[in-house]
Amino acid sequence: MKTLYYGGAIETMEPAGRVEALLAEDGVIVAAGDWEQLRPMTHGAETVNLDGRALLPAFLDPHSHFSGAAYAMLQAPLGETADFAELEQAFINFIEENAVPEGQWVVGRGYDQTALAEGRHPTREVLDRVSTVHPIMAVHQSGHMGVFNTCALELLGVTADTPAPAGGMIGKENGSLTGYMEENAFLQYQQRVPSPSMDDLLGACRRAQQMYASYGIATVQEGMLPGELLDLYRMLLERGALELDVVAYAGMDALDAALHAFPHAVRRYDRHFKLGGCKLFLDGSPQARTAWLRKPYENAQDGYRGYPTMEDDALRQALETAYQRRMQPLVHCNGDAAAAQLLRVVAEIEQAHPDFRDLRPVMIHAQLLAPDQMDDMVRLGIIPSFFVAHVHRWGDVHIQNLGMARASHLSAAGSALRRNIPFTFHQDTSVLPPDMLHSVWCAVERRTAKGVVLGEKERIPVVDALRAVTVNAAHQYFEEEQKGTLRPGKAADFVLLDADPLTVPVDRLRGIRVLETIKGSKTLFRA
């Protein structure tokens, strides 16, 4: 089937820029150019008059957690709670509305202690007020920490004498458990919480795909694939349940199992699923003050700088494994000390294996990657994927935690652009919704929720912000010949917008609506 698009702004993201018309056939772009040039090719084609709207390449999500977005649809929503009382009520409502039987786990996701009136994390006593007969886990918005009630701690076998694993913390006060855990400790016990039924998860995955598509996204990421999720993905593939392309990055302890489970999806798509690489964590979250910094946090009387989650030897071994398996490493680094660790160890690896850079290693978040570290990023061929939406969502918190000078270089896209580094933008969904146009606005405007301009020199033009979620994102995935721009031979993956982001005033960017998302000529979302 042929489809001709005309009558609006067709922004190709190619150097030639906008064209008047575009022709797609059987999921592939066959022509793009002047209307008169394409007219002879349009016999039998369905015609779509854009009526002044804008057609762009569909967005690619450079980092999120697809299964996390699906799980979130089966969990109590905590993101809008303003205090402990509202948090408790959100859990109570969820238990009542879903008739959760006694003894069954209840999970809530998205609380943010900086937005709670109490200004701190809830405790097990807070969650005990919800229920003493349901094990309960409240997951922080970052996904790096959370709180368990007493019933949950007992089921998990955690006592005041339980040691925290390296790179993690189990909260205690006066020798008693608070219920709070962070980083490796939280991740370890979170993985022991039972999953929902497979049927519930499959339904949630369908809804999650619709959610991503509603933001104009046709390629998404499973940013941390543990062994526990392998069966879910087997089922998704067996049932042909994926319509979006999903690129997965296995945890190091699950890498070989994932390679064995999906031999036809290694670095290529099998039924819309690709095993793209492996995932590593080097530190935590800046808004939660667990990111690892070179200098202490503001007002840290004890010199606290956060902490690492891996030693150099363990990181070196993991990157060697990635090299031997030819798998792209995605490495979580928020703080500049974590960034320094990655740069240091990659430099050592590349001395022994100069072609390591061909894996296109990615520094995920790169929140506090400093301008003085950018030249090493270029030299080593590391791609930064910035969580630039932090500027608006938590920028005011970062000013408090880091001081204005450091906070001004948060997600330093301007510094990267001046060095021609092919950076990308992400939202780390389910931390934040995968709103690419909001991230574009954040990168261009760099205003906090309170209206503070955070790092004017790090502002970038709209076209370069759009490249971060199209052209550069396709490059990050080794898919630059298939996606990211509109030219003949590439996939017919489009997003139809109600206005052209390259021509509207900056303050309108985040208000642009996604009208339709098309993948391989098939409409997956229509407003």
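In the predicted model, the lining of the second largest cavity is made up of seven nonpolar, four polar and two charged residues. Strand S6 (59-60) and strand S13 (217-225) are the elements that give two or more residues to this lining. The space in the second largest cavity amounts to about 60 Å³. Of its 13 lining residues, Ala58, Leu60, Lys483, Gly484 and Asp493 lie nearest the centre.

Two cavities of 30 Å³ or more are present in the structure. The largest cavity has a volume of about 70 Å³ and is lined by 13 residues. Nearest the centre of the largest cavity lie Asn334, His365, Phe387, His390 and Asp428. The lining of the largest cavity comprises three nonpolar residues, nine polar and one charged.

Helix H3 covers residues 84-97. At 1.5 Å a residue, its 14 residues should span 20 Å, and the C-alpha atoms at its ends are 20 Å apart, so the two values agree. Phe84, Leu87, Glu88, Ala90, Phe91, Phe94 and Ile95 are the buried residues of H3. These residues lie on the same side of H3, because the arc they cover around the axis is only 155 degrees. Glu96 and Glu97 are exposed and are carried by the face of H3 turned away from the buried side. The cover over the buried residues of H3 includes strand S7 (76-77), strand S8 (106-111), helix H4 (124-128) and strand S9 (136-140).

Notes:
Residues are numbered from 1 along each chain as its sequence is written. This is a predicted model: local features need pLDDT of at least 70, side-chain atom pairs count only at pLDDT 80 or more; totals for chains, interfaces and linings use all residues. Side-chain values use heavy atoms; hydrogens and water are left out. On a 1 Å grid over the protein atoms alone, a cavity is a set of points where a 1.4 Å probe fits but cannot get out, and a pocket is an open set with protein on both sides within 12 Å along at least five of seven lines; lining residues have an atom within 4 Å of a point. Grid points are joined across faces, edges and corners, and a volume is the space filled by probe spheres set on the points. Ala, Val, Leu, Ile, Met, Phe, Trp, Tyr, Cys and Pro count as nonpolar, Asp, Glu, Lys and Arg as charged, and the others, Gly among them, as polar. Helices (H or I, at least four residues) and strands (E, at least two) are DSSP runs, numbered from the N terminus. The expected span of a helix is 1.5 Å times one less than its number of residues. Buried means under 20% relative accessible area, exposed over 50%, partly exposed in between (1.4 Å probe, protein chains only). The arc is that of the directions from the helix axis to the C-beta atoms. Contact means heavy atoms within 4.5 Å.
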